Amino acid sequence: MTIHPQGTWDESTLTAIEFTSPLLITLATLTFLVALFPVRRHSLSRWWLTPAVLFLAVGAARWAYIVQAYPRGGGS
């Protein structure tokens, strides 16, 4: 999450970010769902859901930023 593309020409970094952001969102969603059942049974406190929600927000924000800041060109 700390790597930044050097410019619009840095396709390998942009591709890596566009791959890892949805992966982070997917893993955060799965983690949220797995933690939700013990939280609903009151085996765990609600704070156990916080990391999953945080990672979900970070992944979505990173993906949205990359899409807005580095739009795909028409190719030349």
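1. Helices here are DSSP runs of H or I with at least four residues, numbered from the N terminus (strands are E runs of at least two). Please keep in mind that this is a predicted model, in which local features need pLDDT of at least 70 and side-chain atom pairs count only at pLDDT 80 or more, while totals for chains, interfaces and linings use all residues. Residues are numbered from 1 along each chain as its sequence is written, and side-chain values use heavy atoms, with hydrogens and water left out.

2. Leaving aside neighbours within four places in sequence, Phe32 is in contact with Leu49, Ala52 and Val53 (contact means heavy atoms within 4.5 Å). Phe32 and Pro51 are 19 residues apart in sequence, with their C-alpha atoms 8.5 Å apart in space.

3. Now for H2 itself, residues 50-69. Its 20 residues should span 28 Å at 1.5 Å a residue, and the end C-alpha atoms are 28 Å apart, so the two agree. The expected span is 1.5 Å times one less than the number of residues.

4. Which residues of H2 are buried? They are Ala52, Gly59, Arg62 and Ile66. Seen down the axis of H2, these buried residues fall within an arc of 100°, so they line one face of the helix; the arc is that of the directions from the helix axis to the C-beta atoms. Helix H1 (11-40) is included in what covers them. On the other side of H2, Leu54 and Gln68 are exposed.

5. Do look at Trp48 too, in the loop between H1 and H2. Trp48 is exposed, with a relative accessible area of 52%. Leaving aside neighbours within four places in sequence, Trp48 is in contact with Ala35 and Val39. The C-alpha atoms of Trp48 and Tyr70 are separated by 34 Å, and the two residues are 22 apart along the chain.

6. Finally, back to H1, where Leu27 lies. Leu27 is partly exposed, at a relative accessible area of 47%. Together with Phe19, Leu23, Leu30 and Leu33, Leu27 forms a nonpolar patch on the surface, with about 480 Å² of accessible area together.

Notes: Buried means under 20% relative accessible area, exposed over 50%, partly exposed in between (1.4 Å probe, protein chains only). Patches are made of residues with over 30% relative accessible area and no salt bridge: like charges are joined within 9 Å, nonpolar side chains (Val, Leu, Ile, Met, Phe, Trp, Tyr) within 5 Å. Accessible areas come from the Shrake-Rupley method with a 1.4 Å probe; for residues, only the protein chains shown count as cover. A salt bridge is a side-chain nitrogen of Lys or Arg within 4 Å of a carboxyl oxygen of Asp or Glu.
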